[in-house]
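Hi everyone, thanks for coming.

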Amino acid sequence: ILDHHSAFFECSTDPVRTQIARKNLALQYIIYVIESSYCDFKQTIGNLFIYFSSFPLAGNQRFPYTNIMQDLQTIVELSHEFGTPEYVKGGGGNTSYKDESTLWVKPSGTTLAGLQEDTFVTLNRAKVNGLYDVETPEESHAREELVKNFMGEAVLNDAGRPSVEAPLHNILETKFVVHTHALLVNGMTCAKDGESVCKRLFPDALWVEYIDAGYTLCMVLKDRIDAYKAEFDRVPKIIMLKNHGIFVSGDTAEEIRSLYASVMNPLREEYEKLGISEDLGISEGARDSEAESTIQKIFGEDAAFIESSGYFECVPGPITPDHLVYARAFPFSDELTQENADAYQNKHGFAPKVLIHGDRIYGLGKTQKNAGLALLFAQDGAQVMKLSQAFGSVEYMTDRARKFIENWEVESYREKVAS
């Protein structure tokens, strides 16, 4: 193996340094093969050199994968910077970096703040682009299952399932893509007048009406991006998705930061001008242990864990896929009886994740993290609803769109990973 790749070492004029490099690479290879669940030769060697790219050779020369490693470090930094509660919550949002042949994208359900260079899912870009030529079934869930399996065949490592939006990341012709569900942005994208406000504040942005996430969104966006490129001779650097979030793409970290600032600052000024704040004015009081005991009794394992806060006005309907996944569309607000609990489950097909009782709001879950995320997204939804008042008030997802997300295997997987 080392002889096969001897050209990588010939640039060194220091025989001692070359020998050290060869020995370290050989050891790294042994460790890598033991830890790996696959042994694709080309990808193994490629990953080895990514890991080893910072090793200095004589004359300040570097291995050929140095730039890749630096770019991966950049997207990790951006992921952490935009993985804060101002931009995403839970496992929401995704980031990516790409070169000519490979796409590195966040695994589905994981957090932006937790990403490292070796935790990205790597995909063969040519295979991902082949998705746009696949004939898919008409039935939505059969179609998404086919797409999931197709994407699995493009994966080059064992870092989890790629983000459902990986095909979209792949067609954006920039090095870096940062997709978030920023609170200030969703105050606009979830509002009735969101499109007109977007066109007024961000005339260069591409606005897209709500479209089912996954394959359908990627196919529609490819056509929209192609049309935008034909008109402006470039891909859109900012894409606004109704009841969803924002995509920002650029070739440098500075460009990503500048583009986000060009969105966040005007929106902040709009809210301030109208005297609208995301502050919910929550007053923390003592936990109601009697109410919690009753909740656990009537909802069973679905309320094995409970998180609660002081009262705030919960959003009464579906506003984004993330809120549907982590907090459900409709909070439970009836009297705490078994009859009412059964009626809710019979109507919706599942137990609530958010419950309103007295002067407190409760997040319910089968795990502590589930419960915490339910409460967190209930608060985020309330903030979105409040901010949307600046732009004509909140506009809910349709029942059809809601049901697609509620029954989509991909979102069940994402919730499972996040929990």
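Let me start with a definition: a charge sits over a ring if NZ of Lys or CZ of Arg is within 6 Å of the ring centre and within 35 degrees of the ring normal. Lys-222 does this with Tyr-132, its charged end lying over the ring, 5.7 Å from the centre. Arg-328 has its charged end over the ring of Phe-350, 3.9 Å from the centre.

A word on the source: this is a predicted model, where local features need pLDDT of at least 70, side-chain atom pairs count only at pLDDT 80 or more, and totals for chains, interfaces and linings use all residues. Residues are numbered from 1 along each chain as its sequence is written, and side-chain values use heavy atoms, leaving out hydrogens and water.

Now, ring against ring. Rings of Phe, Tyr and Trp (its six-membered ring) pair if their centres lie within 6.5 Å; planes under 30 degrees apart are stacked, over 60 edge-to-face, and the rest tilted. How many aromatic pairs does the structure hold? There are ten aromatic pairs. One of them is Tyr-97 with Trp-104, stacked at 5.0 Å centre to centre, with 25 degrees between the planes. Tyr-97 counts as buried because its relative accessibility is 2%, buried meaning under 20% relative accessible area with a 1.4 Å probe, protein chains only. Trp-104, at 4%, counts as buried too.

Tyr-271 and Phe-391 make a tilted pair, 5.4 Å centre to centre and 50 degrees between the planes. Both Tyr-271 and Phe-391 are buried.

Finally, ring pairs join Phe-82, Tyr-87 and Tyr-260 into a cluster.

Methods
Buried means under 20% relative accessible area, exposed over 50%, partly exposed in between (1.4 Å probe, protein chains only).
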